[in-house]
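Please look over the model below before reading on. The points after it are meant for someone seeing this structure for the first time.

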Amino acid sequence: MTVAVTMEELAALMHKGAGITVDPAAMTARPEAAFEEWGLDSLGLLGIVGELENRHGRPLPPDADRCKSPQEFLDLVNSALMTGA
């Protein structure tokens with residue numbers, strides 16, 4: 001069974017992959033804020049996509065690395081992981 005990716009996990013991935021420390025509660029409070037506001041660029045997001053693909057053993061949708069906000073990213077990723085797409 002696949003477990004949904006949470007804001008906490010996303011914040012941890014941002015720290016691990018891009019060295020950005022983000023409070024998950026702050027991201028939860030403003031999930032539509034652009035990744036740029038949190039300090040994450042497109043290359044950092046690409047690294048997060050790769051890490052999640054490795055963890056879950058399946059590719060994510062090709063547009064996952066083009067999401068603009070944490071909420072958009074989590075919605076897309078969790079939908080793909082839950083449906084097996």
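This is a predicted model: local features need pLDDT of at least 70, side-chain atom pairs count only at pLDDT 80 or more; totals for chains, interfaces and linings use all residues.

1. The largest nonpolar core is made up of 24 residues. Leu10, Met14, Met27, Ile48, Leu52 and Phe73 have the most contacts inside this core. At least two core residues come from each of α1 (7–18), α3 (35–38), α4 (42–56) and α5 (70–83). Helix α1 supplies the largest share, five residues.

2. Leucine 10 is one of the core residues with the most contacts. Beyond its neighbours within four places in sequence, leucine 10 is in contact with Met27, Phe35, Ile48, Pro70, Phe73 and Leu74.

3. Asparagine 78 belongs to helix α5. Its relative accessibility is 14%, so asparagine 78 counts as buried, the cut-off for buried being under 20%. A polar atom of the asparagine 78 side chain lies 2.6 Å from the backbone nitrogen of valine 5. With neighbours within four places in sequence left aside, the contacts of asparagine 78 are with Ala4 and Val5.

4. Serine 69 sits in the loop between α4 and α5. Not counting residues up to four places away in sequence, serine 69 touches Pro31, Glu32, Ala33 and Phe35.

Notes
Residues are numbered from 1 along each chain as its sequence is written. Side-chain values use heavy atoms; hydrogens and water are left out. A nonpolar core is a set of buried Ala, Val, Leu, Ile, Met, Phe, Trp, Tyr and Cys residues joined through side-chain atoms within 4.5 Å. Buried means under 20% relative accessible area, exposed over 50%, partly exposed in between (1.4 Å probe, protein chains only). Helices (H or I, at least four residues) and strands (E, at least two) are DSSP runs, numbered from the N terminus. Contact means heavy atoms within 4.5 Å. A polar contact is a pair of N or O atoms within 3.5 Å; within protein, one must be able to donate a hydrogen and the other to accept it, and residues adjacent in sequence count only if both atoms are side-chain atoms.
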